[in-house]
Amino acid sequence: MASYGTMQRPGTSSTSPPSTQPDDSKDSARKKRNDFKLLCPFNIPISPEAAAVRIIRNLRYFGLYYTLFVWIILFISLVPRRKVSLIFLVVMTIVTSLYLTLLRALPNSVVLHRIIDKRLVLSLLAIGTAVELIFTRAAIHLFVSLACGIPIVLVHAVLRVSDDLFVGEEACAAGELVPLVHGKTGDVDIESPASV
């Protein structure tokens, strides 16, 4: 047996004798494995009110990703035939990115944050993009990409559970927090941090 980089004294063996004591690390690993619960980030909402709360929360949280998803579908649908429409889409994307960068670069600007509403500017840019696509005869691409993207976005927004599993959706709808005691939220059992 070769010993790479280690020196042994003559007469000593490199293997240790088998341990007669039970291995406590294996027992604790089994206990931890039994306590492990697989949490799925997707779940069917309990009520229509809970679904509405999830949609609003997920649209706020994943809004940029949802927009990029629909934008990518539109971009891919425009690539083969509508080069002019694609150029207009890219120009409007650059204008929107510059506006959002300006908002972030000037956080204390009264004009950008209080006088001009961000939602109004982004809505006008979205309407301008839609009008440009309609005038360049790419309206069918716009409507098909919206018809494909919006249902997928809504299904994700309804089924996606928030990362904070200690807050019940019934209480969120009422604006309250669920106490951190042993209880049940949807299909997930919740235990208080003191009992863990």
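How many aromatic pairs does a search of the whole structure find? The search finds four aromatic pairs, a pair being rings of Phe, Tyr and Trp (its six-membered ring) whose centres lie within 6.5 Å.

## Basis of the model

This is a predicted model, in which local features need pLDDT of at least 70, side-chain atom pairs count only at pLDDT 80 or more, and totals for chains, interfaces and linings use all residues. Residues are numbered from 1 along each chain as its sequence is written, and side-chain values use heavy atoms, with hydrogens and water left out.

## Overall architecture

The protein has seven helices and two strands, assigned as DSSP runs numbered from the N terminus (helices: H or I, at least four residues; strands: E, at least two). From the N terminus on, the order of elements is α-α-α-α-α-α-α-β-β.

Of the 196 residues in the protein, 22% are buried; buried denotes under 20% relative accessible area, exposed over 50%, and partly exposed the range in between (1.4 Å probe, protein chains only). Among contacts with a separation of 6 or more, 60% come from residues 24 or more positions apart, where contact means heavy atoms within 4.5 Å.

## Aromatic residues of helix α2

The ring centres of Phe-62 and Tyr-66 are 5.9 Å apart and the ring planes stand at 45°, so this pair is tilted; planes under 30 degrees apart would count as stacked, over 60 as edge-to-face and the rest as tilted. Both residues belong to helix α2 (residues 48–78), where they are four residues apart, about one turn of the helix. Phe-62 and Tyr-66 are both buried. Together with Tyr-61 and Tyr-65, they form one aromatic cluster.

## Packing of α2 with α6

Two packed helices are described by the angle between their axes and the distance between the axes. Helix α2 packs with helix α6 (residues 139–159) at an angle of about 150°, the axes being 8 Å apart. Here the axes are lines fitted to C-alpha atoms, for helices over the stretch in contact, and angles run from 0 to 180 degrees between N-to-C directions.

The helices α2 and α6 are therefore roughly antiparallel to each other; angles under 35 degrees count as roughly parallel, over 145 as roughly antiparallel, 65 to 115 as roughly perpendicular and the rest as oblique. By class, the contact of α2 with α6 has 17 nonpolar, six polar and one charged residues (nonpolar: Ala, Val, Leu, Ile, Met, Phe, Trp, Tyr, Cys and Pro; charged: Asp, Glu, Lys and Arg; polar: the others, Gly among them).

## Packing of α3 with α5

The axes of helix α3 (residues 83–105) and helix α5 (residues 118–135) cross at roughly 170° and come within 9 Å. These two helices are therefore roughly antiparallel to each other. Residues making the contact include Phe-88, Met-92 and Tyr-99 of α3, and Val-121, Leu-125 and Glu-132 of α5. The contact of α3 with α5 divides into 11 nonpolar, four polar and two charged residues.

Val-121, in helix α5, counts as buried at 16% relative accessibility. Leaving aside residues up to four places away in sequence, Val-121 touches Tyr-99 and Ile-116. Val-121 and Tyr-99 are 22 residues apart in sequence, and their C-alpha atoms are 8.8 Å apart in space.

## The loop between α5 and α6

Arg-137 is found in the loop between α5 and α6. Although Arg-137 is not a glycine, its phi is positive, about 60°. Arg-137 is exposed, with a relative accessible area of 66%.
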